[in-house]
Every structure is written in C-alpha cells, then in structure tokens.
Amino acid sequence: LVQTKDTLRAPVICVLGHVDAGKTTILDNLRRTHVQDNEAGGITQQMGATNVPLDTIVERTKMSRKLISRQGDFMIPGLLIIDTPGHAIFQNLRSRGSSLCDLAILVVDIMNGLQAQTIESIRLLIDRQTPFIIALNKIDLLYGWKSNKEKDVESVLEEQDSFTQDHFEKRYDEIIVQFAKQGLNVALYYKNPNPNEYYSMVPTSARSGDGMGSLIAMIIETSQTNLAKHLSYTNELQATVMEVKAIHGLGTTIDVALINGCLSVGDKIIVGGQEGPIVTQIRRLLIPESNQELRDTNQYENKDKVMGTCVVKIAAKDLEKSLAGLPLFIARTHDEIDYFKNEIELI
Ligand code: GTP
Ligand code: MG
Ligand code: NA
C-alpha cells in the first residue's frame, strides 16, 4: 500500500503524562493559544480536542525540516490533537484519549522524571500497542539554559555551556534508567539507533519554544512512515463521543472525534445513553476555528457536512443522558437503527 497526499487522513494524537508536566502548555505553544492560563488552578479537568491544519504545522516546523519524511514533503492533511488531564482522578479520560489515538506524546518533566501518572500512561500505551514519542519538557529550567527558537533542538543543545550540558546529561541518564525499569528503551531522537526498538525522546520547552518544531516534525515523520499504513482515509464511519456538554443556546451537545467517514446535518445517529441507546437526528454540526480547542471556544463554524479526521460538536435533541467514550453510528434504515442499538448495548 503506497500512501499519497490524497489517501492519508490526519492522525489522532493524544497528549498524556503526569499532572503539570506541561501537556496543555505544549499545545498552547503549538497553537499559539492560552488555554492553560484560563484553567482553574492550572489543572486540566476534561479532554480537549483541536483540529490543527497543515499550514500551522508547516510554519511551526521550519527549523526542523530535515527531519520530515524521506520524500521531503508533507503528506498528512493536519493533526487532530487530544489533550488529557494528568491528575490522578482522571484515569478514565486518559484511558479514553489513549484508546482513540494513533500516536501519543508522553510528556515528562525533565526535573521530575517519571511520576505516578507517567507510569500509568506508559502502561495504557503499551497495553494498546500505541506508538508514542516522549517530550522531555521544561529544558529551560536546566542551569544556564540559552534559548534559540530558530534552530533544531539538537543544535541548541550543542550550543549550551558545558555546565548546562552536564546538567542535561545528569537528568537524561537518570530518566533513561527510570524508563529501563519500566522495560522500555529510550533514545534522543537524533541518536535513535532503531525506532522499532527505542522510543524517541525530544527535549522541549513549552515555555521558551525550544524543541517544539522538532517534536512536531517527529510526529509528522512517524505518521508518514511507520504509521502510514494505519492512516488510510475510508468512507466507513468511525466516530467516538468524547464529551457530553450543556452549552448555552445549544442545549446538551456531544463532542465527537470523527476518525473516518462523514457526518451530515439531518443524519439519524445512535449513541450510548445512561438508560440505553439514544436515537436522534443531527441538528447542527459545529467545528471550532482552526487551532482553537473545542472546550475553550465559543467560536464555531456551522457545517452541513464534515469528513474525517476532525473534532466536531453535534447539537441534537435528547442528548441529555448520552454517555462519553462510546461509538456513534448513523442509521439509514429502520433495520439499521435496531442493529446499531444492539451494537451499543453489547459494548
Ligand atoms: P494537567 O493538565 O493539569 O495535568 O497539567 P499539564 O501537564 O497540562 O501542565 P500545564 O500545561 O498545566 O503546565 C503546568 C505548569 O508548568 C504551568 O505553570 C506551566 O506554565 C509550566 N510549564 C509548562 N511547560 C513548561 C516549560 O517548558 N518550562 C517551564 N519552566 N514551565 C513550564
Ligand atoms: Mg493540562
Ligand atoms: Na496543569
């Protein structure tokens, strides 16, 4: 199977890690948003989802272009990125996020190393055989760190004073041992001897922006090579309800990750509910503006039809008791309604 620009869908990327490792701030840096500033206590408490278009990726990876694809070209149409909370009580959301994604970013605070929810996240990813890239975040906190956003982080590390490099090595060596205790081999992305055996690690600072281009470039590179065979666009509907939310003026809505296929206003949908499957009709399809997180915006674009891969808010009647974490189906006939109701009850 040879993938081309026309056959590859956007990969779904989930961001996982311990509380305050910097997951939301990394996404803010990529999107040029300020979601983290507005979170209560600086703690993420729900899933966030963002449609990141290709032009953002092209712009944000210009210092790391040599990494991208053996063809030297961008083939994926964009990214659907899902942010998850790191706080211990949100295990279900980390599990939901990791079950949806094609590839994950595991964020590790370089000063703290592996922590309880880092290890929990690793177990989720290994159990599901989900590939992941490690962001070794907060490198700006290393002694004497000198930032340079114009260069790939490999060169930025080389340019540091020797005492800064020593501090990096010390933290890095400790973290390698911590990963080894979890049974994982890790290597810096530019020294990775074999990506099938070693997880790549990208030093980042969400605060200064160092390494962000390299991290995104690694995601693109991995998506277009190792992952490409899993990323074919198909017409068969594949959609999951991520969040159920009451929105002023819209009533209860569902946020849906549409992986494949399409959804149209007027479609008859079946979703899981607290008291059994719910059958309703799509009244409105709302897409957040590019690079805006669905949980953080009230600026939506109304669509008649959307195609995978993206996050979309659906307004419809009778969604009050719907359940997150379950698939969404479309029924074209009466028989299909019964069939999909049954499918949902079997989950
Ligand atoms: P939860 O979603 O609550 O699990 O946290 P999170 O992983 O999303 O971390 P968040 O983005 O909320 O960042 C936590 C704190 O770390 C905030 O005060 C950020 O400003 C800070 N922070 C994030 N990234 C960096 C970084 O690269 N360097 C420094 N110095 N601080 C950072
Ligand atoms: Mg967060
Ligand atoms: Na936080």
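**Chatting about a predicted fold**

Reader: Hi! Which residue does Cys-14 stand opposite in β3?
Author: Cys-14 stands opposite Ile-82 there. This is a predicted model, in which local features need pLDDT of at least 70 and side-chain atom pairs count only at pLDDT 80 or more, while totals for chains, interfaces and linings use all residues. Residues are numbered from 1 along each chain as its sequence is written, and chains are lettered from A and ligands numbered from 1 in the order in which they are written.

Reader: What do you call a strand, and when do two of them pair?
Author: Strands (E, at least two residues) and helices (H or I, at least four) are DSSP runs, numbered from the N terminus. Two strands pair if DSSP finds at least two bridges between them. β1 and β3, for instance, run parallel and are joined by 4 bridges.

Reader: What is the strand order in the open sheet of 7 strands?
Author: The order is β2-β3-β1-β4-β5-β7-β6, and the pairing is mixed. β2 (48–53) and β6 (185–188) have a single partner strand each, so one side of each has no neighbour in the sheet. On average, neighbouring strands are turned by 30° against each other, direction ignored. Helix α3 packs on this sheet, where α3 touches β1, β3 and β4, and its direction makes about 150° with that of β1. Such angles run from 0 to 180 degrees between N-to-C directions, with axes fitted to C-alpha atoms, for helices over the stretch in contact. Contact means that C-beta atoms, placed from the backbone, lie within 7 Å.

Reader: How many residues of β4 are buried?
Author: In β4, 7 of its 7 residues are buried, where buried means 20 or more other C-beta atoms within 10 Å of a residue's own (exposed is 12 or fewer, partly exposed in between), with C-beta atoms placed from the backbone. Leu-103, Ile-105, Val-107 and Asp-109 are buried on one side, and Ala-104, Leu-106 and Val-108 on the other.

Reader: Where do side chains point in a regular strand, in general?
Author: They alternate between the two faces of the sheet.

Reader: Which strands run parallel to β4?
Author: β1 does, joined to β4 by 5 bridges, with Leu-16 opposite Leu-106. β5 (residues 132–137) does too, through 6 bridges, and Ile-105 stands opposite Ile-133.

Reader: New topic! Which residues have the most contacts inside the largest nonpolar core?
Author: Ile-13 and Ala-257 do, in a core of 90 residues. A nonpolar core is a set of buried Ala, Val, Leu, Ile, Met, Phe, Trp, Tyr and Cys residues joined through C-beta atoms within 7 Å. Helix α7 (residues 212–224) gives the most to this core, with 7 residues.

Reader: And what is Ala-257 in contact with?
Author: Leaving aside neighbours within four places in sequence, its contacts include Val-12, Leu-80, Ala-239 and Val-311.

Reader: Back to α7: is it mostly covered or mostly open?
Author: Mostly covered, as 13 of its 13 residues are buried.

Reader: What about the open sheet of 3 strands?
Author: Its order is β12-β11-β17, with antiparallel pairing. The edge strands, β12 (278–281) and β17 (329–330), each pair on one side only. Strand β11 (residues 268–271) is joined to β17 by 2 bridges, and Ile-269 has Ile-330 as its bridge partner. Helix α8 (residues 334–346) lies across β11, β12 and β17, at about 20° to β11.

Reader: Last one: how many helices and strands are there in the protein chain?
Author: There are 8 helices and 17 strands, and buried residues make up 44% of the 347 residues.

Terms used. Two residues are in contact if their C-beta atoms, placed from the backbone, lie within 7 Å.
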